[in-house]
Amino acid sequence: MAGSSHGHTPAAWTGSIIAFIGFCVAGVFMVANSPAGFWAGCALILLGAVVGGAMKMAGLGTPKEPDEVVEARNRAAAREKATA
């Protein structure tokens with residue numbers, strides 16, 4: 001993974017941080033026996049997913065590879081299998 005930017009984008013970090021905060025909030029309120037706080041934490045977890053997805057669509061996530069690159073990689077892998 002060191003060669004790729006897997007997860008190293010503003011969209012991934014923001015979504016993960018918001019979801020982590022939601023997880024912590026839900027955990028605290030679950031122990032405190034407060035259903036409203038627990039569900040608020042769950043809502044924050046979902047909000048993290050929505051914000052991360054929106055940021056990715058806005059161009060702050062990992063860029064999609066061009067089709068030519070994907071095809072070239074698949075051809076190279078097929079040639080490698082054929083020679084092995």
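Modeller: Threonine 9 touches Leu60, Gly61 and Thr62, leaving aside residues up to four places away in sequence; a contact is a pair of heavy atoms within 4.5 Å. The model is predicted: local features need pLDDT of at least 70, side-chain atom pairs count only at pLDDT 80 or more, and totals for chains, interfaces and linings use all residues. Residues are numbered from 1 along each chain as its sequence is written, and side-chain values use heavy atoms, with hydrogens and water left out.

Colleague: Why is threonine 9 called buried?

Modeller: Buried means under 20% relative accessible area, exposed means over 50%, and partly exposed lies in between, with a 1.4 Å probe and protein chains only. Threonine 9 has a relative accessible area of 9%, so the residue is buried.

Colleague: Where is threonine 9 found, and what does its side chain reach?

Modeller: Threonine 9 is found in the segment before α1. Its side chain reaches the backbone nitrogen of alanine 12 at 3.2 Å. A polar contact is a pair of N or O atoms within 3.5 Å; within protein, one must be able to donate a hydrogen and the other to accept it, and residues adjacent in sequence count only if both atoms are side-chain atoms.

Colleague: What span does α1 have, and what span is expected?

Modeller: Helices are DSSP runs of H or I with at least four residues, strands are runs of E with at least two, and both are numbered from the N terminus. The 22 residues of α1 reach 32 Å from the first C-alpha to the last, close to the 32 Å expected at 1.5 Å a residue. The expected span is 1.5 Å times one less than the number of residues.

Colleague: Which residues of α1 are buried, and how do you know on which side they lie?

Modeller: The buried residues of α1 are Ala11, Gly15, Gly22 and Ala26. They cover an arc of only 35° around the axis, and therefore lie on the same side of α1; the arc is that of the directions from the helix axis to the C-beta atoms. These buried residues pack against α2 (35-60). On the other side of α1, Trp13, Phe20, Val28 and Val31 are exposed.

Colleague: What makes isoleucine 21 neither buried nor exposed?

Modeller: Isoleucine 21, in helix α1 (residues 10-31), has a relative accessible area of 45%, so the residue is partly exposed.

Colleague: Why is the aromatic pair called edge-to-face?

Modeller: The structure holds 1 aromatic pair. The ring centres of phenylalanine 38 and tryptophan 39 are 5.0 Å apart and their planes stand at 75°, so the pair is edge-to-face. Rings of Phe, Tyr and Trp (its six-membered ring) pair if their centres lie within 6.5 Å; planes under 30 degrees apart count as stacked, over 60 as edge-to-face and the rest as tilted. Phenylalanine 38 is partly exposed at 24%, whereas tryptophan 39 counts as exposed at 57%.
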